Amino acid sequence: MFSQYLLGGGTSFNRNMLACFPRDYFDIRNIYFNPENWNGAKALDIEIGPSDTIFSVGNESVKASAKKLAGLISEREGAIVSNLETELVCLDIHKNPAKTVFFICHDDGFIPLAVKYQSVIDVYISHNAAVHEELQKLLGGKNKDIFFIQHGVKIPEVERSFQASPCLKIVFLARHYKFKGIYDLPVINDLLVKRGVQVDWTVLGDGPERAAIMKQVEHLPNFRFDIPQTTADVIKILREQDVFILPSRADGLPVALLESMSVGCVPVLANFSEGIRKVVTDDIGFVVPVGENEQFADKIATLSADRELLVRLGKNCIEKVKREFDINKQAMEYFNLYKRYKEFKKKRRSGLSDLRRRLRYNDLFNKVDFFIRNFRTRFFSRQATT
C-alpha cells in the first residue's frame, strides 16, 4: 500500500484503513512517500511497522527513483494499492506480473491518472459517486473493474453535548492550498461582520499557503491556527466547533468532513463535486456554488440565528456517519475487494499512447525531442519574420 508521509486527507484515509486491517488477510507492506521539498508538517501518528518504508522523493530523476521504488515491491503474488502517480510510473517502467494493481481515484484531479495509466491499473475504486460515474464514461468496457466504495472514520465513543453560545464556532480543516478555498475565509468573515454575525474561526492543518493566510488575518482577533499532531487531537478540537466549512474547488469525500460530522459539526461546503450532494443532503448541511462567498455567509448566518436548526442538523450528522461511514465496516469492503486480486489480474496490453508515455522516461529521447522542438520553433519563427 502506498501513501504520503504528510498531514492530509489521503494520509488519513490510509491510516484509518490500516487501523481496521484484519491481520489474517494478508502480509502487508506500507510505503510512505516523504517529499523532500514539502514545506509542511509530517503525519506524526502513523505507526511504522517492521516491514514498512519511508521513501524520500525529490532530487532524483524519475527513472532513478522508479528503480529504487521497484526494489521495495515484492514479486510475491498479491495486490498493490496505489494512490499517486509516483508508484504508477514505477509500475509502468518496471512491470510486476505477480501483482494486481488497485487505484484509489480520490477526486476529479485523479481521473487523468486513471485514464493515462489504464495499461498499468487493473481495478479502480472511487468514494465519490460523481467520480465513479465519470470513470465509467471515460473507461469504456471496464465497468466490471470500477467500484464505488465509500470510506469512513472511527466513530467517537462519547457524543458531544450541544450548548448554544452567542458566538458561532467555525472550523476549516484541509491542506492550506489556494484551491482549497483558504483565502475565502477572511472574505466570508467580512461578510458576516457586515451582517452582525459573531463567529470564531479555527483553522487547522498545514500547507504552502499557511504563512500567507496567517499574515493576512493577523489583525483579526477571531482567527486562530493550529496543527493537531494526532487524530485524537483533531477530534478534541472538532468537538468544540459548530460548523465545518470547506470552500474547496476540488475534493472527493474529505476525511475531515466525515470526522467533523461524526461529532456534530454542520457542514457548509462548496459544490466541488456533484457527488458530495449525496453525502451532504438538506437534512445534514449546505452545499453552495463554488466561489459564492455571499451564499456561504448566508448559510452561516442562518445557523447562527436558528440554533434549533444547528442542533438538529448536528445530530443528523452524527447519525449519518454512524449509519454509513463507520470505518470498521467500510474498511472491510476495501479489504474484501483486495482479497479478490486473482480475479482481477489482467494481461498487459500496450497501445501507441503507452509507447509515447514510456519514451518520456528516457533521458536521451527527451533531449532529442527538445532539440527537434526547439529547432522547429526557431525555424518557423524565422519564416514568419521573412
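Author: Residue classes first: Ala, Val, Leu, Ile, Met, Phe, Trp, Tyr, Cys and Pro count as nonpolar, Asp, Glu, Lys and Arg as charged, and the others, Gly among them, as polar. This is a predicted model, where local features need pLDDT of at least 70 and side-chain atom pairs pLDDT 80 or more, while totals for chains, interfaces and linings use all residues. Numbering starts from 1 along each chain as its sequence is written, and side-chain values use heavy atoms, with hydrogens and water left out.

Reader: OK, how many cavities of 30 Å³ or more does a search find?

Author: Two, over the whole structure. A cavity here is a set of points on a 1 Å grid over the protein atoms alone where a 1.4 Å probe fits but cannot get out; a pocket is an open set with protein on both sides within 12 Å along at least five of seven lines, and lining residues have an atom within 4 Å of a point. Points are joined across faces, edges and corners, and volume is the space filled by probe spheres set on them.

Reader: What lines the largest cavity?

Author: Its lining consists of Arg160, Phe162, Gln163, Ala164, Asp242, Gly264, Val266, Arg307, Leu310 and Val311. By class that makes five nonpolar, two polar and three charged residues, around a space of about 80 Å³. Helix H11 gives the most, three residues; helices (H or I, at least four residues) and strands (E, at least two) are DSSP runs numbered from the N terminus.

Reader: And how about the second largest cavity, what volume does it have?

Author: About 40 Å³. Arg160 turns up in this lining too, along with Pro156, Val158, Glu159, Arg239, Ser262, Val263, Ile318 and Lys322.

Reader: Switching to pockets: which residues lie nearest the centre of the largest one?

Author: Gly8, Gly9, Gly10, Arg175 and Lys180, out of 45 lining residues. Strand E1 (2–4) and helices H1 (9–19), H8 (231–238) and H9 (255–262) each give two or more residues to that lining. The largest share, six residues, is from H1. The pocket has a volume of about 1,000 Å³, and its lining holds 19 nonpolar, 17 polar and nine charged residues.

Reader: Which element gives the largest share of the second largest pocket's lining?

Author: H1 again, with six residues. That pocket holds about 770 Å³ and has 33 lining residues, with Arg15, Asn16, Leu18, Ala19 and Glu47 nearest its centre. H1, H8, H9 and helix H12 (327–338) each contribute two or more of the lining residues. By class there are 13 nonpolar, 10 polar and 10 charged.

Reader: Back to H11. At roughly what angle does its axis cross that of H10?

Author: Roughly 100 degrees, with the axes of H10 (residues 293–305) and H11 (residues 307–324) coming within 5 Å. Axes are lines fitted to C-alpha atoms, for helices over the stretch in contact, and angles run from 0 to 180 degrees between N-to-C directions.

Reader: Which residues make the contact?

Author: From H10, Thr302, Leu303, Ser304 and Ala305; from H11, Arg307, Leu309, Leu310 and Leu313. Contact means heavy atoms within 4.5 Å. Five of these residues are nonpolar, two polar and one charged. Arg307 and Leu310 also line the largest cavity.

Reader: Which strands does H11 lie across?

Author: E8, E11, E12 and E13, and H11 runs at about 90 degrees to E12.
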